[in-house]
Amino acid sequence: MMPRLTLDCFDYEDRNAMVDAMEVMVTAFDPSFGEAWTLPQLSGVMMMPGTWLTIARIDAAPLGFALVRSVLDECELLLLAVDPAWRGRGIGAALLQDSLTTARRKGITSMNLEVRAANNAVRLYEKTGFEYVHRRPGYYRGNDGQLHDALSFRIDMLA
Ligand SMILES: CC(C)(COP(=O)(O)OP(=O)(O)OC[C@H]1O[C@@H](n2cnc3c(N)ncnc32)[C@H](O)[C@@H]1OP(=O)(O)O)[C@@H](O)C(=O)NCCC(=O)NCCS
C-alpha cells in the first residue's frame with residue numbers, strides 16, 4: 001500500500017466530495033464508451049438513502065473513488081475509478097476493499113456489479129472474490145453506437 005493514501009466515506013450529499021469524484025470521473029473513463037456520469041447524475045444518486053461515496057486521496061489530491069448504492073441487505077457497486085496516472089498501485093483494490101468493509105459494517109450481506117465484458121476491471125473483481133453471475137449480450141451502447149456485452153458479478157459476504 002502506498003504512503004499517505006486516505007479513504008474518506010460520505011453517505012450524504014457532500015458537495016466537495018462530489019466535485020472531487022468528478023475531477024477523477026472526467027479523466028478515468030474512456031469517452032468512447034460513454035460510461036462517465038455527470039455531476040447532476042452523481043448528485044441525484046447521492047440524495048438516495050443507502051448510497052455512499054468513497055474518495056481516495058494522497059495529501060489533498062483526489063485520485064480515485066467508489067460509489068455504492070444499497071437497498072436493505074444488498075448493495076451494488078455503481079462506479080469505481082482511478083486517475084489514469086495513478087493506476088496499477090493498488091488504489092482501485094483499496095477502494096474496493098474499503099467498500100466491502102463499509103458494506104459489512106452496515107449489515108449488508110452481498111455486493112453486485114455490472115461491468116463491460118472487455119474492461120480490465122474484471123480482473124480486479126475476480127481477484128477480490130466476486131463470482132461471475134451472467135452475461136447480457138449487447139447491453140451497453142458506446143458513443144460510437146457499438147454494442148458491448150455486460151458481465152454481472154456478485155460477492156456473498158457471509159460465505
Ligand atoms: C479498474 C480501475 C479502477 C483499477 O484501478 P487501479 O488502481 O489501477 O487498480 P489496482 O492497482 O488496485 O489493481 C488491482 C488489480 O486489478 C487488476 N488490474 C487493474 N488494472 C489492470 C489492467 N490494466 N490490466 C489487467 N489487470 C488490471 C490486476 O489484477 C491488479 O492486481 P495486480 O496489480 O496485483 O495484478 C481503473 O483501471 C479504472 O479507473 N478504470 C476506468 C474506470 C472503469 O472502467 N471502472 C470500472 C467500471 S465502473
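## Overall architecture

In what order do the elements of the protein chain run from the N terminus on? The order is β-α-α-β-β-β-α-β-α-β-β, and the secondary structure comes to 4 helices and 7 strands. Helices (H or I, at least four residues) and strands (E, at least two) are DSSP runs, numbered from the N terminus.

This is a predicted model, in which local features need pLDDT of at least 70, side-chain atom pairs count only at pLDDT 80 or more, and totals for chains, interfaces and linings use all residues. Residues are numbered from 1 along each chain as its sequence is written, and side-chain values use heavy atoms, with hydrogens and water left out.

## Size, surface and charge

The protein chain has a radius of gyration of 15 Å, which agrees with the value near 15 Å for a compact globule of 159 residues. That radius is taken over C-alpha atoms, and the globule rule is 2.2 Å times the number of residues to the power 0.38. Along the principal axes, the C-alpha atoms fill a box of roughly 40 × 35 × 30 Å.

The accessible surface of the protein chain is about 8500 Å², and carbon and sulfur atoms account for 51% of that area. Accessible areas come from the Shrake-Rupley method with a 1.4 Å probe; for residues, only the protein chains shown count as cover. Of the 159 residues, 45% are buried. Buried means under 20% relative accessible area, exposed over 50%, and partly exposed in between (1.4 Å probe, protein chains only).

Among contacts between residues at least 6 apart in sequence, 61% join residues at least 24 apart; a contact means heavy atoms within 4.5 Å. The chain carries 16 positive and 20 negative charges, whose mean positions are 3 Å apart. Lys and Arg count as positive and Asp and Glu as negative, while His and the chain ends are not counted. Each charge is placed at NZ of Lys, CZ of Arg, CG of Asp or CD of Glu.

## Helix α1

Helix α1 covers residues 15–28, 14 residues in total. From first C-alpha to last, α1 reaches 20 Å, close to the 20 Å expected at 1.5 Å a residue; the expected span is 1.5 Å times one less than the number of residues.

Buried residues of α1 include Ala-17, Asp-20, Ala-21, Val-24 and Ala-28, as well as Met-18, Met-22 and Met-25. An α-helix has 3.6 residues a turn, so residues three or four places apart point the same way. The cover over the buried residues of α1 includes β1 (5–10), α2 (39–46), β2 (51–58), β3 (61–71) and β4 (74–82).

Cys-75 is in strand β4 and counts as buried because its relative accessibility is 2%. Leaving out residues up to four places away in sequence, Cys-75 touches Trp-52, Val-68, Arg-69, Ser-70, Ala-103, Ile-108, Ser-110, Met-111 and Asn-112. Gly-50 lies 25 residues from Cys-75 in sequence, with a C-alpha to C-alpha distance of 8.6 Å.

His-148 belongs to strand β7 (residues 147–156) and is buried, at 14% relative accessibility. Beyond its neighbours within four places in sequence, His-148 contacts Phe-33, Arg-116, Arg-136, Gly-138, Tyr-139, Tyr-140 and Gly-142.

## Loop residues with positive phi

Most residues other than glycine have a negative phi, and most peptide bonds are trans. Asp-59, not a glycine, has a positive phi of about 55 degrees. Asp-59 sits in the loop between β2 and β3 and is exposed at 52% relative accessibility.

Leu-72, also not a glycine, has a positive phi of about 55 degrees. Leu-72 lies in the loop between β3 and β4 and counts as exposed, with 80% relative accessibility.
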